[in-house]
Amino acid sequence: MKYKIVHTNTFKYDAPVDQSMNTIRLRPLEDECQQLISYRTDIHPSALTKGHEDVWGNYVEEFFIAEPHTSLEVIATSIVTVQRSPFLQDIPYSSEMKTLFESHLYKEHYGAYLVETAYTKLNMEQIRAVQKEAGSMKDPLSYALQVMDYLYSSFTYDKDSTNVETTAEAAFEHKRGVCQDFSHVMLGILRASGIPSRYVSGYLYVGEDSALKGDAASHAWVEVMVPGIGWAGLDPTNNVEALSNHIRVGTGRDYVDVSPLQGKYRGGESTLDVGVSVQLLDANEPA
């Protein structure tokens, strides 16, 4: 599948800003399942970007605007091809996987994806409620699928119930939220069971007559580490494994590690408008 993504962030300030320092994470990832054909950023007022790869493997760009400005627009345009990975439900859990999953070396290697963060932490009462309703863990692969199904069945997708700062514990209390909340709660459950898992930020292409949620802006889902094989994506908002229409931009411990745009400026209040367009291209169409 081949896609063109246009992601626009527009800041408007209530008074002139004389300088701003900004960080963006908008370039899609490249790996065996996803190829980046082209990527560019258009920034107004114009600015030069300096890029580097962070500790999680995401591409980060920084830029500084010294001149006074009343608005800031960042447009990222990408073309990618996506080939989905094998279905998690089709992978048999072998004795070799079990030995690796239970080893100290495995826990140590993926320790960063087992530690709870302020966004993903759940309290013990909530963990016990999940274990009672979702069932016990027989193996990490089937349990991850159980948890995804539990969240999809028990939580309500509600754009007005949470915000970007909502924690998993708060979202769990009301069992409502958006893709970010579904993902944070799922991470909290999986990590409490010793399953290495990470937050994924990206986009979701939704064609006509689709029931999938999350195409209006950036989407989020979860990846679990399959012992001996690699990362596999699960989308609890839609109760599906990551498909060829899930386009990955960044991965990390939680939303903070993959926030699309962060900035500091000297001035008054600001408002942010975000627009995302995901277009399906013909596979033979030139980039």
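Tutor: The questions below set values against definitions.
This is a predicted model, in which local features need pLDDT of at least 70, side-chain atom pairs count only at pLDDT 80 or more, and totals for chains, interfaces and linings use all residues. Residues are numbered from 1 along each chain as its sequence is written, and side-chain values use heavy atoms, with hydrogens and water left out.

Student: Why are α4 and α6 called oblique to each other?

Tutor: The axes of α4 (residues 140-154) and α6 (residues 179-192) come within 10 Å and cross at roughly 140 degrees. Axes are lines fitted to C-alpha atoms, for helices over the stretch in contact, and angles run from 0 to 180 degrees between N-to-C directions. Angles under 35 degrees count as roughly parallel, over 145 as roughly antiparallel, 65 to 115 as roughly perpendicular, and the rest as oblique. The pair α4 and α6 is therefore oblique.

Student: What makes α3 roughly perpendicular to α4?

Tutor: The axes of α3 (residues 124-134) and α4 cross at roughly 100 degrees, so α3 counts as roughly perpendicular to α4. Their contact (heavy atoms within 4.5 Å) involves Val130, Gln131, Glu133 and Ala134 of α3, with Tyr143, Gln146, Tyr150 and Ser154 of α4. These residues divide into four nonpolar, three polar and one charged. Here Ala, Val, Leu, Ile, Met, Phe, Trp, Tyr, Cys and Pro count as nonpolar, Asp, Glu, Lys and Arg as charged, and the others, Gly among them, as polar.

Student: Which residues meet where α4 contacts α6?

Tutor: From α4 come Tyr143, Ala144, Val147, Met148, Tyr150 and Leu151, and from α6 Phe182, Val185, Met186, Ile189 and Leu190. This contact has 11 nonpolar residues, no polar and no charged.

Student: How do you know that the span of α6 agrees with what it should be?

Tutor: The expected span is 1.5 Å times one less than the number of residues. For the 14 residues of α6 that gives 20 Å, and the end C-alpha atoms are 20 Å apart, so the two agree.

Student: What makes α6 mostly covered?

Tutor: Of its 14 residues, 13 are buried, meaning under 20% relative accessible area; exposed is over 50%, and partly exposed in between (1.4 Å probe, protein chains only).

Student: Why does glutamine 35 count as partly exposed?

Tutor: Glutamine 35 lies in strand β3 (residues 34-44). Its relative accessibility is 47%, so glutamine 35 counts as partly exposed. Leaving aside neighbours within four places in sequence, glutamine 35 is in contact with Ile79, Val80 and Thr81.

Technical notes: Helices (H or I, at least four residues) and strands (E, at least two) are DSSP runs, numbered from the N terminus.
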